[in-house]
Amino acid sequence: MPGYPPQAPLVTVEAVGRKCPVPIIMLAARLGEVPIGSVIAVTADDPAARADIPAWCRMKMHEFLAEEPLERGSAFHIRRMY
């Protein structure tokens, strides 16, 4: 993560139980709640989220940081780049 220290998400979008593409739609709708350079997380348990969220980040030029396993699903951490 060049230029940025690790940081906790400022916002977590709770999308457990939702099927893709709903977690990405929810992420896109709430991304503006965090300042540029800050981290937002999405929790999801749909297996498609593991590929879809990083792909969305590449397509939209945001930085996919990590997938953190949870008791149910994972938390996907994204840095808002613009």
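Before we go on, a word on what you are looking at. This is a predicted model, in which local features need pLDDT of at least 70, side-chain atom pairs count only at pLDDT 80 or more, and totals for chains, interfaces and linings use all residues. Residues are numbered from 1 along each chain as its sequence is written, and side-chain values use heavy atoms, with hydrogens and water left out.

Back to serine 74, then. You will find serine 74 in strand β4. What does serine 74 touch, apart from residues up to four places away in sequence? The list is Val42, Thr43, Ala44, Arg50, Glu67, Glu68 and Pro69, where contact means heavy atoms within 4.5 Å. With one of these, glutamate 67, the side chain of serine 74 makes a polar contact of 2.8 Å. A polar contact here is a pair of N or O atoms within 3.5 Å; within protein, one must be able to donate a hydrogen and the other to accept it, and residues adjacent in sequence count only if both atoms are side-chain atoms.

Strand β3, residues 63-69, pairs with β4 in the antiparallel sense over six bridges; two strands pair if DSSP finds at least two bridges between them. Serine 74 in β4 is the bridge partner of proline 69. The hairpin has four residues between its strands, and glycine 73 takes a positive phi near 80° there.

At the other end of β4, which covers residues 74-79, sits arginine 79. Is arginine 79 buried or exposed? Arginine 79 is buried, with a relative accessible area of 0%. Its side chain has a polar contact of 2.6 Å with the side chain of glutamine 7. Arginine 79 also meets glutamate 63 in a salt bridge, at 3.2 Å from N to O. Arginine 79 is in strand β4 and glutamate 63 in strand β3, so this pair ties together parts that are 16 residues apart in sequence. Glutamate 63 itself counts as partly exposed, because its relative accessibility is 21%.

How many salt bridges does the structure hold? There are four, a salt bridge being a side-chain nitrogen of Lys or Arg within 4 Å of a carboxyl oxygen of Asp or Glu. In general, side chains of opposite charge can pair when their charged atoms come close. Another of these bridges joins the side chains of aspartate 45 and arginine 72, at 2.7 Å from N to O. That pair links distant parts of the chain, 27 residues apart: aspartate 45 is in the loop between β2 and α2, and arginine 72 in the loop between β3 and β4. Aspartate 45 is partly exposed at 26%, whereas arginine 72 is exposed at 53%. Arginine 30 and glutamate 33 form a salt bridge too, their closest N and O atoms being 2.9 Å apart.

Next, please find the loop between β1 (11-14) and α1 (22-30), where cysteine 20 lies. A cis peptide bond joins cysteine 20 to proline 21, with omega at about 15°. Cysteine 20 and alanine 49 are 29 residues apart in sequence, yet their C-alpha atoms are 6.5 Å apart in space. Beyond its neighbours within four places in sequence, cysteine 20 is in contact with Asp46, Ala48, Ala49 and Asp52.

My last stop is methionine 61, in the loop between α2 (49-60) and β3. Methionine 61 is not a glycine, but has a positive phi of about 60°. Methionine 61 is exposed, because its relative accessible area is 62%. Methionine 81, in the segment after β4, is partly exposed at 34%.

Note on methods
Helices (H or I, at least four residues) and strands (E, at least two) are DSSP runs, numbered from the N terminus. Buried means under 20% relative accessible area, exposed over 50%, partly exposed in between (1.4 Å probe, protein chains only).
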